[in-house]
Amino acid sequence: DALERAVREDKPLLISIGYSACHWCHVMAHESFEDPAVAAIMNERFVNIKVDREERPDVDAIYMEAVQGMTGRGGWPLNVFATPDGKPFFGGTYFPPVGRSGLPAWHQVLEGVSEAYRDRRNEVIESANGIAEYVRRAQNIDAPTGDLDVDTLVSAAGAAMQQVDWVHGGFGAAPKFPQPLGLDWLLRVWKRFGNEDALAAVRLTLDRMARGGIYDHLGGGFHRYSVDAAWVVPHFEKMLYDNALLARVYLHAFQATGDARYRRVVEETLDYLVREMQDPLGGFYSAEDADTEGVEGKFYVWTPEELERVLGPNDARIAMLRFGVTPQGNFEGASILTDAASPAETAADLDMTEAEVVDRLPAIRARLDAARSRRVTPGKDTKILAAWNGLAIRALAEAGPVLGRPDWLEAAERAARFVLDHMWLEGQLVRSYRDGPSDVHAFLEDYSFLIESLIGLYEATFKTESLAEAERLVAAMVATFQDREGGAFFDSRADDHLVIRPRSFFDNPVPSGNSAATFALLRLHALTGRGEYLDQALGAFYAVGEFLPRAPLGFAHLLSALDFYLGPPMQIAIAGVPGSADVGAMLTEVRERYLPNAVVAAGESGSIGLLEGRTETGGGARAYVCRHFACDLPVTTGSDLGARLDGHNE
């Protein structure tokens with residue numbers, strides 16, 4: 001309707017893209033969009049369209065590409081002016097109500113664009129056509145294929161390691177984003193090549209993030225990013241996808257190193273998601289705001305006086321040292337809690353024993369958390385997105401069996417059931433749900449993330465229903481999104497009527513739909529033996545080609561998929577009754593190890609492809625370790641399986 005109105009009234013489109021937890025989106029809305037005089041100009045001269053980037057990632061991808069091409073930078077709010085047929089010709093991010101810092105006032109932008117569209121129409125149309133063609137080329141990578149071999153992984157690892165900040169961890173300078181996909185891939189680099197520098201980079205980053213203000217030391221979970229290089233001052237929103245992906249990389253680091261600190265972060269992060277972000281019906285909400293009562297970070301910061309009121313003088317002194325709370329503060333006169341001093345350091349400063357401090361800290365944290373819960377809480381975006389729920393389901397399904405948390409596995413199953421019951425309608429997924437399913441069709445990432453999560457649920461429960469659901473979604477995904485000429489997959493449906501049909505590959509901050517689809521298809525092939533899954537998986541590798549080692553942090557999940565493909569994948573088949581003691585002993589051996597290129601099947605012989613021809617002994621389980629469906633002789637005890645896994649792992 002909006003596009004038709006723009007044609008009918010001969011007005012350009014003004015497309016403003018944001019999301020609920022975006023601080024500057026709210027600022028610009030309050031400063032400008034709600035100003036009656038500014039709104040009058042907007043309504044008189046433009047057809048205005050407000051877009052939630054989380055509900056329409058395809059629209060966001062197109063216009064973000066355009067603005068980055070025009071200005072060299074992007075972000076949100078994203079404000080784009082386009083012709084009535086949707087071709088962008090001018091845009092930017094935040095514009096203030098009064099010109100400052102080199103930025104024109106928003107009303108000046110409106111007047112300038114309106115005059116250009118009215119008086120220099122031919123120039124505007126020519127520019128719009130050129131920008132649309134630029135976006136089309138940028139969204140459809142056409143690269144030489146190159147060789148899909150281990151050298152690609154070596155080159156990519158070298159390029160990524162050059163970007164490591166060896167002082168504070170992470171990659172590059174401030175602002176610092178966690179980049180869990182890149183960290184997870186570097187763990188694979190360590191595993192495959194014995195690259196100790198890659199492991200050191202991961203550990204430094206995970207340690208510094210967990211100690212910094214980007215981590216919520218009372219409630220668990222991570223904020224979106226740090227505005228400084230040292231992870232101290234975050235942008236305070238909490239996103240479902242960040243916490244799901246970070247929980248997985250901390251879990252993998254725990255499996256790889258045995259470091260109990262990583263286990264604690266996983267536990268606190270996933271407990272936060274289940275406690276604060278899971279809807280009673282089962283789905284997970286999208287985000288929590290950075291602002292409380294219009295003030296960024298107000299919910300999370302403390303002063304020494306507040307600590308004394310809550311804890312009393314003695315425990316307040318412990319808390320101030322332990323969490324770095326000072327009179328001057330580290331954020332606008334207050335303090336973001338950090339892991340500023342170890343219990344031993346805190347004890348030394350207070351002339352206490354370390355044991356006394358350790359004994360007091362749980363009660364201190366509990367009292368602070370209880371006091372904080374009485375504050376006005378940040379706003380919550382209760383929109384349930386299929387894709388992001390897939391990420392949360394996978395994290396919970398993977399971590400639950402590893403860390404002995406059946407409640408997490410139950411939460412994962414409830415979320416999967418919610419999505420399949422309420423967001424799978426007439427053979428198609430919808431993108432989101434809030435007080436009912438939306439009318440926005442799901443995108444490639446919704447299908448591919450959910451498929452990955454259902455595979456994870458199968459490997460946690462060995463219920464073949466999860467694998468059957470995954471294969472049903474694969475059939476719909478291939479039919480709806482496959483690019484039969486160019487290989488790989490489109491991001492959106494053919495009937496979405498966008499200015500271009502996007503086909504993206506970049507993995508940041510979440511996996512691209514293409515990399516997740518590739519990984520899911522490779523894992524399904526390893527579990528089922530169905531050759532068409534392998535054929536469908538390879539398109540993304542060939543589409544990206546030689547760009548893989550040039551921008552490793554932008555293709556981190558696809559590089560992880562390539563590592564799995566080159567593996568070769570380790571297929572672990574356990575013929576026996578899931579839940580029995582002997583199968584349980586074998587699964588314990590599998591789950592306590594970091595085996596990034598393994599798939600696991602357990603159950604009756606023939607229940608899925610990997611179990612075809614695998615049989616139990618008389619009343620006991622047998623485990624087979626296979627490559628390309630060719631298996632070693634079976635073993636019958638958990639300890640023997642552990643030895644076999646270590647032998648394959650060398």
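This is a predicted model: local features need pLDDT of at least 70, side-chain atom pairs count only at pLDDT 80 or more; totals for chains, interfaces and linings use all residues.
Reader: How many cavities of 30 Å³ or more does the structure hold?
Author: A cavity is a set of points where a 1.4 Å probe fits but cannot get out. With the cut-off set at 30 Å³ or more, the number of cavities in the structure is 4.

Reader: Which residues are the closest to the centre of the largest cavity, and what is its volume?
Author: The lining of the largest cavity has 34 residues, and the closest to the centre are His252, Glu398, Glu459, Arg523 and Leu595. The space in this cavity is about 620 Å³.

Reader: How do the residues of the lining of the largest cavity divide into nonpolar, polar and charged?
Author: Elements that each supply at least two residues of this lining include helix H10 (240–257), helix H15 (386–403), helix H17 (444–461) and helix H19 (513–528). Strand E19 (598–603) also supplies at least two. By class, the lining has 19 nonpolar, 5 polar and 10 charged residues.

Reader: What is the volume of the second largest pocket, and which residues are the closest to its centre?
Author: The volume of the second largest pocket is about 680 Å³. Its lining is made of 26 residues, and the closest to the centre are Leu3, Arg56, Val59, Asp496 and Leu498.

Reader: Which element gives the largest share of the lining of the second largest pocket?
Author: Helix H1 (2–9), strand E1 (13–18), strand E2 (47–52) and helix H4 (57–71) each supply at least two residues of this lining. By class, the lining has 13 nonpolar, 3 polar and 10 charged residues. The largest share is 4 residues, and it comes from E2.

Reader: Is Val154 buried, partly exposed or exposed?
Author: Val154 lies in helix H7 (residues 150–161). Together with Val150 and Phe193, Val154 makes a nonpolar surface patch of about 220 Å². Buried means under 20% relative accessible area and exposed means over 50%. Because its relative accessibility is 43%, Val154 counts as partly exposed.

Reader: Is Asp446 buried or exposed?
Author: Asp446 is part of helix H17, an element that supplies at least two residues of the lining of the largest cavity. Since its relative accessible area is 0%, Asp446 is buried.

Reader: How far apart in space are Asp446 and Gly69?
Author: In sequence, Asp446 and Gly69 are 377 residues apart. In space, taken C-alpha to C-alpha, Asp446 and Gly69 are apart by 27 Å.

Terms used
Residues are numbered from 1 along each chain as its sequence is written. Side-chain values use heavy atoms; hydrogens and water are left out. Patches are made of residues with over 30% relative accessible area and no salt bridge: like charges are joined within 9 Å, nonpolar side chains (Val, Leu, Ile, Met, Phe, Trp, Tyr) within 5 Å. Accessible areas come from the Shrake-Rupley method with a 1.4 Å probe; for residues, only the protein chains shown count as cover. A salt bridge is a side-chain nitrogen of Lys or Arg within 4 Å of a carboxyl oxygen of Asp or Glu. Buried means under 20% relative accessible area, exposed over 50%, partly exposed in between (1.4 Å probe, protein chains only). On a 1 Å grid over the protein atoms alone, a cavity is a set of points where a 1.4 Å probe fits but cannot get out, and a pocket is an open set with protein on both sides within 12 Å along at least five of seven lines; lining residues have an atom within 4 Å of a point. Grid points are joined across faces, edges and corners, and a volume is the space filled by probe spheres set on the points. Ala, Val, Leu, Ile, Met, Phe, Trp, Tyr, Cys and Pro count as nonpolar, Asp, Glu, Lys and Arg as charged, and the others, Gly among them, as polar.
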